[in-house]
Amino acid sequence: MTWDGFQCKFQQIRDNKAFEMFVIAVIILSSLLIGVRTYPLPETALTFLWVMDYAVTLFFLIEILIRMAAEDRLRDFFKKGWNVFDFVIVVVSLIPLDDSEYALIARMLRLFRVMRLISFIPELRVLVSALISALPRMGYVALLMFIIFYLYAVIGNLLFAQINPVLWGDLGISLLTLFRVATFEDWTDVMYETMAVYPLSWIFYLTFIFFSAFVFLNMMIGIVVEVLDEEHKKMMREEEQEAQQQEQSHIDRLENEVAGLHAKLDQLLAATSLTTGESASKS
């Protein structure tokens, strides 16, 4: 069998849904194996877990090699960010650190294998891509939020430091107190304490909660929803393009096979005519 034949087999394995589900099951199993090690276990169980860990590592190596071999060109594999992500995780998990002082690091690195679920489940890929794409826009909202926090922290320190220095003693403590208010963690106790001295201090808290909990939070949610919708559309376009590429690749392969068959047929016809000519000359 030629390399094109092997490559076709690898592509069939890669695109097989049962194979994808099996890989997902192995990823979950590898995560459970690491979780089980957090409990006290007998020596036999630890040996079994050690063998299973190496078997999972070997499976991941074979799986990533199949996916690399299934590409028409090797560099096409590394053009996709999620493929690079999977490749890095598999390569890192191959580092033999179990019998050294870096065994803890090895376990932590193997724990990252559970993140391969993101690359195998399309919806998780969309969520992560949307989060990454939304970070720049969310950064501006976070900057505006920090400005509001800073202003209110300084005002709170100036007004309430004498009432309760534990909560409003300096800028840093005031920022922590405002974060407590923004997350609604017993914020009414803080408000009633200052209202005993400044009856109108409720205006300070309600306006801050309005900005932090309602305005900025909804802005963050709006950005994420918008980017998530864009990522869904982008994923659909990529799936259509990938389907078209696979169809075109299949057509090209069939055309090459047909051309090869035509060439063999021409050779057989030429050989047949030559044999016929030799027989006629002998007669």
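Q: In which helix do Glu63 and Arg67 both lie, and how many residues apart are they?
A: Glu63 and Arg67 both belong to helix α3, and four residues, about one turn of the helix, separate them. Helix α3 covers residues 43–69. Helices here are DSSP runs (H or I, at least four residues), as strands are (E, at least two), and they are numbered from the N terminus.

Q: What kind of model is this, and how are its residues numbered?
A: This is a predicted model, in which local features need pLDDT of at least 70 and side-chain atom pairs count only at pLDDT 80 or more, while totals for chains, interfaces and linings use all residues. Residues are numbered from 1 along each chain as its sequence is written, and side-chain values use heavy atoms, with hydrogens and water left out.

Q: What makes the pair Glu63 and Arg67 a salt bridge?
A: A salt bridge needs a side-chain nitrogen of Lys or Arg within 4 Å of a carboxyl oxygen of Asp or Glu. The structure holds nine salt bridges.

Q: Why is Arg67 called buried?
A: Buried means under 20% relative accessible area, exposed means over 50%, and partly exposed lies in between (1.4 Å probe, protein chains only). Arg67 has 10% relative accessibility, so it counts as buried.

Q: Which residues does Arg67 contact, leaving aside its neighbours within four places in sequence?
A: Arg67 is in contact with Arg14, Phe77, Asn83, Asp86, Arg116 and Phe120. Contact here means heavy atoms within 4.5 Å.

Q: How do you know that Asp86 and Arg116 form a salt bridge?
A: Their closest N and O atoms are 3.4 Å apart. The pair links distant parts of the chain, with Asp86 in helix α5 (residues 81–93) and Arg116 in helix α7 (residues 116–120), 30 residues apart. Asp86 counts as buried because its relative accessibility is 1%, and Arg116 counts as buried because its value is 0%.

Q: What makes Glu226 and Arg137 a tie between separate parts of the sequence?
A: The side chains of Glu226 and Arg137 meet in a salt bridge, 3.6 Å from N to O. Glu226 is in helix α12 (residues 202–282) and Arg137 is in helix α8 (residues 122–160), so the pair ties together parts that are 89 residues apart in sequence. Glu226 has a relative accessible area of 43%, so it is partly exposed; Arg137, with 35%, is partly exposed as well.

Q: Why is Ser174 called buried?
A: Ser174 has 0% relative accessibility, so it counts as buried. Ser174 is in helix α10, and, not counting residues up to four places away in sequence, it touches Ala153, Asn157, Leu167 and Trp168.

Q: Why is Arg75 called exposed?
A: Arg75 reaches 52% relative accessibility, so it counts as exposed. Its place is in helix α4 (residues 74–77). The C-alpha atoms of Arg75 and Phe208 are separated by 53 Å, and the two residues are 133 residues apart along the chain.

Q: Why is Ile121 called partly exposed?
A: Ile121 has a relative accessible area of 28%, so it is partly exposed. Ile121 lies in the loop between α7 and α8.

Q: What stands out about phi in Phe184?
A: Phi of Phe184 is near 60°, a positive value in a residue other than glycine. Most residues other than glycine have a negative phi. Phe184 is found in the loop between α10 (171–182) and α11, and it is partly exposed because its relative accessible area is 44%.

Q: What is phi of Asp186, and where does Asp186 lie?
A: Asp186 has a positive phi of about 50° although it is not a glycine. Asp186 lies in the loop between α10 and α11. With a relative accessible area of 41%, Asp186 is partly exposed.

Q: Which residues gather in a patch of negative charge on the surface?
A: The patch is formed by Glu185, Asp186, Asp189 and Glu193. Glu193 is found in helix α11 (residues 187–195).

Terms used. Patches are made of residues with over 30% relative accessible area and no salt bridge: like charges are joined within 9 Å, nonpolar side chains (Val, Leu, Ile, Met, Phe, Trp, Tyr) within 5 Å. Accessible areas come from the Shrake-Rupley method with a 1.4 Å probe; for residues, only the protein chains shown count as cover. Lys and Arg count as positive and Asp and Glu as negative; His and the chain ends are not counted. The place of a charge is taken as NZ of Lys, CZ of Arg, CG of Asp or CD of Glu.
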